[in-house]
Amino acid sequence: MIGLTLITGLTVAGHSVDRAMSRAAVQGLTADYRVANSAYLGLEPKLADKIADVPGVAATTPLASAGLTVDGEYALVSGLDPKQLGKVADIDFTSGSAAALGPGRIAVSETYAGRAGLRTGDIVKGRFDLDSGKPAGLKQLTVVGVYAENRVVSGVVGDLGDVLPYAMDGGYDSVLVKAEPGRAAGLDREIRSALGDSPLLKVQSREQITREESGAIDVMLDMMYGLLGMAVVIAILGVINTLAMSVCERTREIGMLRAIGLDRTGIRRMVRLESVVISLFGAVLGIGTGVFLAWTGGSLTASGLPDYTTTVPWPRLALFLALAVLIGILASLWPAGRAARLNMLRAINAQ
């Protein structure tokens, strides 16, 4: 029960986080591909031009990041071409619009707006800086919109021309690519070819972005399953010990059952069923407790991952129940064999 409580709790929590991260990874992203440097060293601006010239590419939007401080509140600002934003991303503006973006004009996320006390129409002094070896730059900025949080852009969105001079190494973080209708399939190979098939560059589809975001959760779960597997081994030994003690304490009962006609196969079946009942009882209690703990702890995760909802992986829990039955059968082999080998007369006369 304790082992399955821990395993089930981790499984439900991990599955729920995995689902939430999968949804958040491409939330607001309408582009078909994202091109980035696998070593996080940025992309040279000329690479964006090569991508735009690939047949089948309808639109490209380079993204660059820098640091921005407004009224003492720091955030990453994403620089992009406002005219191309609507083609590769769907940003939900609660006030203002993306059409108003341009040189000296920014939009801020709801979270950052709350921290810095910003509203649409505010004119502020912003300081651009990042570890790029360049001095910080002061610039008067106008807030032209407030948008809901998403994973496509950072806490602030600005014009690419304002942000790029302060980006790391003066390069792009990534390039978002929108394919022409019916041309998305296989376009990644053409993009790689246009970029010289460099192993440092990764061209990811929406599905690949999702798998990358959730991959860390799967690795963590696999590690925890390995550690908690010891709890299952201990559980098997516990069931064997319980059944062995039961056989010893019920020696006379087993002898009487044999005397009134129960054969050795029936004795084995009786002990085996008892073992399965013990295992299933512990499994049901453990799984139920694990789901409850994952549900009660979900509020802590939801505070840092707004898309989090408790999702129960029923097929995996059914597998746990099936394994509990198998464990019960395996754990009963030695005690059941010992009970079946008892001498009938000696068992009846046992004290």
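A salt bridge is counted here when a side-chain nitrogen of Lys or Arg lies within 4 Å of a carboxyl oxygen of Asp or Glu. This is a predicted model, in which local features need pLDDT of at least 70 and side-chain atom pairs count only at pLDDT 80 or more, while totals for chains, interfaces and linings use all residues. Residues are numbered from 1 along each chain as its sequence is written, and side-chain values use heavy atoms, with hydrogens and water left out.

## Salt bridges

Side chains of opposite charge can pair when their charged atoms come close. Searching the whole structure gives 6 salt bridges. The table lists three of them.

| Glutamate 73 | Arginine 115 | 3.2 Å |

Helices (H or I, at least four residues) and strands (E, at least two) are DSSP runs, numbered from the N terminus. For burial, a residue is buried under 20% relative accessible area, exposed over 50%, and partly exposed in between (1.4 Å probe, protein chains only).

Glutamate 73 forms its salt bridge with arginine 115. Glutamate 73 belongs to strand E3 (residues 73-80) and arginine 115 to helix H4 (residues 110-116), so this pair ties together parts that are 42 residues apart in sequence. Glutamate 73 is partly exposed because its relative accessibility is 26%. Arginine 115 is also partly exposed, at 41%.

Lysine 139, at 30%, counts as partly exposed.

Glutamate 274 sits in helix H9, and arginine 250 in the loop between helix H7 (206-249) and helix H8 (251-259), so the bridge ties together parts 24 residues apart in sequence. Glutamate 274 is partly exposed at 24% relative accessibility, and arginine 250 is partly exposed at 21%. Through salt bridges that share partners, Arg250, Glu253 and Glu274 are joined into one network.

## Nonpolar cores

A nonpolar core is a set of buried Ala, Val, Leu, Ile, Met, Phe, Trp, Tyr and Cys residues joined through side-chain atoms within 4.5 Å. The largest nonpolar core has 38 residues, of which Val35, Val108 and Ile191 touch the most other members. Strand E2 supplies the largest share of this core, 5 residues. A second, separate core has 18 residues, including Leu80, Val88, Ala89 and Ile209.

Contact means heavy atoms within 4.5 Å. Apart from residues up to four places away in sequence, valine 108 touches Ala113, Leu118, Val143, Gly145, Val146, Tyr147, Gly155 and Val156.

Threonine 60 is part of strand E2 (residues 57-70). With a relative accessible area of 15%, threonine 60 is buried. Beyond its neighbours within four places in sequence, threonine 60 has contacts that include Ala48, Gln84 and Val175.

## Aromatic pairs

Rings of Phe, Tyr and Trp (its six-membered ring) pair if their centres lie within 6.5 Å; planes under 30 degrees apart count as stacked, over 60 as edge-to-face and the rest as tilted. The whole structure holds 3 aromatic pairs. In the pair of phenylalanine 292 and tryptophan 295, the ring centres are 6.1 Å apart and the planes stand at 45 degrees, so the pair is tilted. Both residues lie in helix H9 (residues 264-304), 3 residues apart, about one turn of the helix. Phenylalanine 292 is partly exposed at 48% relative accessibility, whereas tryptophan 295 is exposed at 55%.

## Loop residues with positive phi

Aspartate 71 lies in the loop between E2 and E3. The phi of aspartate 71 is near 55 degrees, a positive value in a residue other than glycine. At 58% relative accessibility, this aspartate is exposed. Aspartate 197, in the loop between helix H6 (187-194) and strand E10 (201-205), has a positive phi near 50 degrees. Aspartate 197 is exposed at 53% relative accessibility.
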